[in-house]
Amino acid sequence: MYQAPRGTDDVLPEEFPYWQYIQETAASFARRYGHQPIRTPMFEQAGVFIRAVGEGTDIVEKEMFYLRTEEDLVLRPEGTAAVCRAYLEHGMFNLPQPVRLFYFAEAFRYERPQAGRLRQHTQFGVEAIGEEDPALDAELIDMLWRLYASLGLQNLTLLLNSIGDRACRPRYLEVLKAYYADKLEDVCRDCRTRYERNPLRLLDCKQESCQPVIAAAPVITDYLCEPCRRHFDRLQEYLTAIEIPYTPAPRLVRGLDYYTRTVFEVVPEGAGSQGTIGAGGRYDGLMEELGGRPTPGIGFATGIERIILNLKQQGLQPPEVPGVQAYVAHLGDAARLPAVRLTRELRAAGIRTVMGLGGRSLRAQLRHANAVAARYVLIIGDEEAASDTVQFRDMAEGAQQRLPRGEAILTLSHALGTEVR
């Protein structure tokens, strides 16, 4: 028997209330903050992510799914670079800036599957492109923080840092490499490679053996240039003003090379280094890497599966998805077509309706109506078919009465509090 590929999940009907709840809430928040939806292809030219994410990152070196085509294509590992490619390709720099966008996107990464960390997962992402004001950074952090609060999540920590820019980061990297120079025997093999190719990634290592070295490493905030320092100070002032609690994390760097200045993560209590529920940051140099002119931007992404995992861990249930309201049962050959017509009329009236199928007995159809939790059953037999009437049964009250077909629809609509359309 075939099974879903390792690192993927089937989303079954009982799980969909979580998905609907999260996606509707997230889209509502994004629109409230002035963002519009965008959708990009599931696959892109590999260069979009190699240039944007960075050749020395785990995503590019280990985790991208390449497609067997004549073109150099990969499944999308993250959303920001694809949105920025679309921004440039479609001339969105001619629109009023910043351009505020949001999306729900499948992302694919070949990594070891674990709870909340799948090879195919779904991201809710938000981007704001074309403005460097730290007030915009605070705005997106506020949106993410309020989204989690609206969903009911508690005991979250917002980690915040600035990783500088092209002006001040090189000096810090010199200091960082000097610190690591006599410690390479104490770190993992990947970190020895990072030391040569991408030293900032040293601070993003998740190996337990590397954590003591990371904990004692010099912090980048001690080496920020004046513009980066001023930007970070202003951001912290804004977050304090809008009462968003944050924890300075001077060694937080994130795992993507395109970040500059602001980086942040939201982590559940006790989740550890692999438990980040949402994260983002500023990417002021990304457009240039993709062939555009210098354009600042900031964004975040949060995994739907990780939100669901945390909702369940905190015992939070989504609102129930509305179920079946009415069931049309029928007996005898003469009742078949009237039952089909009645079912269609009920659905046209906005009533969620299921019809009995397969020539079942009335008792079996009533059991089925109970199984799908339909409170009202409309029964048509030979006599009802001939007189254009139905037996109207309230399953909760046990009451039943014969009504003309049109009156039965009106009675049902009144009982459900809906209007016939």
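Q: Given that two strands pair if DSSP finds at least two bridges between them, how many bridges join S14 to S15?

A: This is a predicted model, and in it S14 and S15 are joined by 6 bridges and run antiparallel. Within S15, the residue that stands opposite Phe392 is Gln401.

Q: In what order do the strands of this open sheet lie, and what is the pairing?

A: The open sheet is formed by 5 strands in the order S12-S11-S13-S14-S15, and the pairing is mixed. Strand S12 (353-355) and strand S15 (399-404) stand at the edges with a single partner strand each, so one side of each has no neighbour in the sheet. On average, with direction ignored, neighbouring strands of this sheet are turned by 25 degrees against each other.

Q: Which helices pack on the sheet?

A: Helix H13 (residues 362-371) packs on the sheet and touches strands S11, S12, S13 and S14, while its direction makes about 170 degrees with that of S11. Helix H15 (residues 405-416) also packs on the sheet, where it touches S11, S13, S14 and S15, and its direction makes about 130 degrees with that of S15.

Q: Is Thr389 buried or exposed?

A: A residue counts as buried under 20% relative accessible area, and Thr389, with a relative accessible area of 12%, is therefore buried. Thr389 lies in strand S14, which covers residues 389-394.

Q: What does Thr389 touch, leaving aside residues up to four places away in sequence?

A: Counted in that way, Thr389 touches Ile380, Glu384, Arg402, Leu403, Pro404 and Arg405.

Conventions
Residues are numbered from 1 along each chain as its sequence is written. This is a predicted model: local features need pLDDT of at least 70, side-chain atom pairs count only at pLDDT 80 or more; totals for chains, interfaces and linings use all residues. Side-chain values use heavy atoms; hydrogens and water are left out. Helices (H or I, at least four residues) and strands (E, at least two) are DSSP runs, numbered from the N terminus. Buried means under 20% relative accessible area, exposed over 50%, partly exposed in between (1.4 Å probe, protein chains only). Contact means heavy atoms within 4.5 Å. Two strands pair if DSSP finds at least two bridges between them. Axes are lines fitted to C-alpha atoms, for helices over the stretch in contact, and angles run from 0 to 180 degrees between N-to-C directions.
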